[in-house]
Amino acid sequence: MFSTQAVFWVQLCMSPLQLIYAAVRTLIDVICSQVHGASKLRSTRKGNSATDKLMQKKLTQPATTPSSVNYHFTRQCNYKCGFCFHTAKTSFVLPIEEAKRGLKLLKQSGMEKINFSGGEPFIHKSGEFLGKLVQYCKEDLQLPSVSIVSNGSMVREKWFKKYGEYLDILAISCDSFDEDTNQTIGRAQGTKSHLDNLSKVREWCREYKVAFKINSVINTFNVEEDMRDRITELNPVRWKVFQCLLIDGENAGEDSLREAERFVISEEQFQEFLERHSSISCLVPESNQKMRDSYLILDEYMRFLDCRQGRKDPSKSILDVGVQEAIQFSGFDEKMFLKRGGKYVWSKADMRLEW
Ligand SMILES: C[S@@+](CC[C@H](N)C(=O)[O-])C[C@H]1O[C@@H](n2cnc3c(N)ncnc32)[C@H](O)[C@@H]1O
Ligand code: SF4
């Protein structure tokens, strides 16, 4: 039999060993419970959530690449075109650092071409906001193509001097070579000549080596016009010819700021206009259907606008949910984009231009 003293000494020697043993057991238990707990959590999420199933489905779909994006960063404008489908419903413009953050996200998702539009893109901070974004996209993001669509009335030579080198293409909208027709359409500021501005900007594009493009909206008031001579004179790299489009909530229906029904032409009238101008090789026609689902449009909050239902339904902002989640709600049809010739030589470095 052991004496009380002997038992005391054995217990004293055992206790450090027991302590180590207990600590190791506890550690093993914690690890086991965590592994088990995590797998239990995983199996619950997998089995029960419909949202997760949807997300999983979306993640397994091939990602849409936003190779060419139109960023309408302002809705403000100095013109009053009666058919306008991007009207001044807000005066919001993102702070420039936020706009740059969004552009960087787009670049990381595969954007190669950015087009700045509006509203009138030269209106905000007298073109400085636009100039800084153009420079950022070319210099910092190294985008192959940076372009602008403008009405041309607020472009100044000093802007070309400062930012021209960062710009690939400048498109100026001109729907008629008759000043009265421009006045009727609202494509003018007061009585100032839209056509004088057009000629000035064309010359600056030559001087500062920016590719020059023209956009025309064919509507009731210009559908009979013959523009061949004037377009040939101006010699754009591309002449985009749009069939006037109605968008609910913008230029048609309730809550719209314009009523463009009186500008709308039929498919046949549009075809007749195209046939009359078929000798112009740089002409790119865009019917209503092509326009509705072949553009990636970002509004002033950097939300994609889905035009498939004949209105502009916004996604969440790419600044809040990222590009891949927002783009699922853009209504963008990559096939239609390619069909309408959306991918072309869009970098001035790759163009053989006669400046
Ligand atoms: C909304 S504007 C913004 C840029 C600039 N203010 C301008 O007019 O060029 C962009 C382009 O859309 C065209 N556009 C405007 N309303 C249209 C409509 N209802 N149908 C087809 N194109 C339209 C314009 O002529 C322009 O070429
Ligand atoms: S289409 Fe006319 S009204 Fe609309 S944003 Fe351009 S210039 Fe302004």
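Where is the place of asparagine 197? Asparagine 197 belongs to helix α7, which spans residues 194–207; helices here are DSSP runs of H or I with at least four residues, strands are E runs of at least two, and both are numbered from the N terminus. Before going further, note that this is a predicted model, in which local features need pLDDT of at least 70, side-chain atom pairs count only at pLDDT 80 or more, and totals for chains, interfaces and linings use all residues. Residues are numbered from 1 along each chain as its sequence is written, chains are lettered from A and ligands numbered from 1 in the order in which they are written, and side-chain values use heavy atoms, with hydrogens and water left out.

Back to asparagine 197: it counts as buried because its relative accessibility is 14%. Buried means under 20% relative accessible area, exposed means over 50%, and partly exposed is what falls in between, using a 1.4 Å probe and protein chains only. Leaving out residues up to four places away in sequence, asparagine 197 touches Tyr79, Gly152 and Ser153, where contact means heavy atoms within 4.5 Å.

**The chain overall**

The chain has 13 helices and ten strands. Of its 355 residues, 47% are buried. Take the contacts between residues at least 6 apart in sequence: 74% of them join residues at least 24 apart.

**The cores**

A nonpolar core is a set of buried Ala, Val, Leu, Ile, Met, Phe, Trp, Tyr and Cys residues joined through side-chain atoms within 4.5 Å. The largest one has 69 residues, and those with the most contacts inside it are Tyr71, Leu103, Ile114, Phe116, Leu170 and Trp239. Helix α4 (residues 128–140) gives this core its largest share, six residues. There is also a second, separate core of 16 residues, with Phe83, Ile185, Phe263 and Leu305 among them.

What does leucine 170 touch, not counting residues up to four places away in sequence? Its partners are Phe122, Ile148, Ser150, Phe160, Val201, Cys205, Val210, Ala211, Phe212 and Lys213.

Cysteine 137 is in helix α4. It is buried because its relative accessible area is 0%. Beyond residues up to four places away in sequence, cysteine 137 touches Leu103, Ile114, Phe116, Gln142, Leu143 and Val146.

**Around ligand 2**

Which residues are around ligand 2? They are Cys77, Tyr79, Cys81, Cys84, Gly119, Asn151, Arg187 and Arg258, taking a residue as near when one of its heavy atoms lies within 4 Å. By type, this shell divides into four nonpolar, two polar and two charged residues; Ala, Val, Leu, Ile, Met, Phe, Trp, Tyr, Cys and Pro count as nonpolar, Asp, Glu, Lys and Arg as charged, and the others, Gly among them, as polar.

Ligand 2 sits in the largest pocket, meaning more than half of its atoms lie within 2 Å of the pocket's grid points. A pocket is an open set of points on a 1 Å grid over the protein atoms alone, where a 1.4 Å probe fits, with protein on both sides within 12 Å along at least five of seven lines.

Gly119, one of the residues around ligand 2, lies in the loop between β2 (113–117) and α4. A cis peptide bond joins glycine 118 and glycine 119, with omega at about 20°.

Most residues other than glycine have a negative phi, and most peptide bonds are trans. Glutamine 142 has a positive phi, near 55°, and its place is the loop between α4 and β3 (145–150). With 56% relative accessibility, glutamine 142 counts as exposed. Aspartate 255 has a positive phi too, about 65°, and is found in the loop between β6 (238–243) and α9 (267–276). Its relative accessible area is 66%, so aspartate 255 is exposed.

| Pair | Apart in sequence | C-alpha to C-alpha |
|---|---|---|
| Lysine 107 and valine 323 | 216 residues | 9.9 Å |
| Arginine 75 and aspartate 299 | 224 residues | 8.6 Å |
| Cysteine 137 and leucine 103 | 34 residues | 7.7 Å |

Lysine 107 is in helix α3 (residues 96–108) and counts as partly exposed because its relative accessibility is 32%. Arginine 75 lies in the loop between β1 (68–72) and α3, and is buried, with a relative accessible area of 7%. Setting aside neighbours within four places in sequence, the contacts of arginine 75 include Gly119, Glu250, Glu300 and Leu305.

Conventions:
On a 1 Å grid over the protein atoms alone, a cavity is a set of points where a 1.4 Å probe fits but cannot get out, and a pocket is an open set with protein on both sides within 12 Å along at least five of seven lines; lining residues have an atom within 4 Å of a point.
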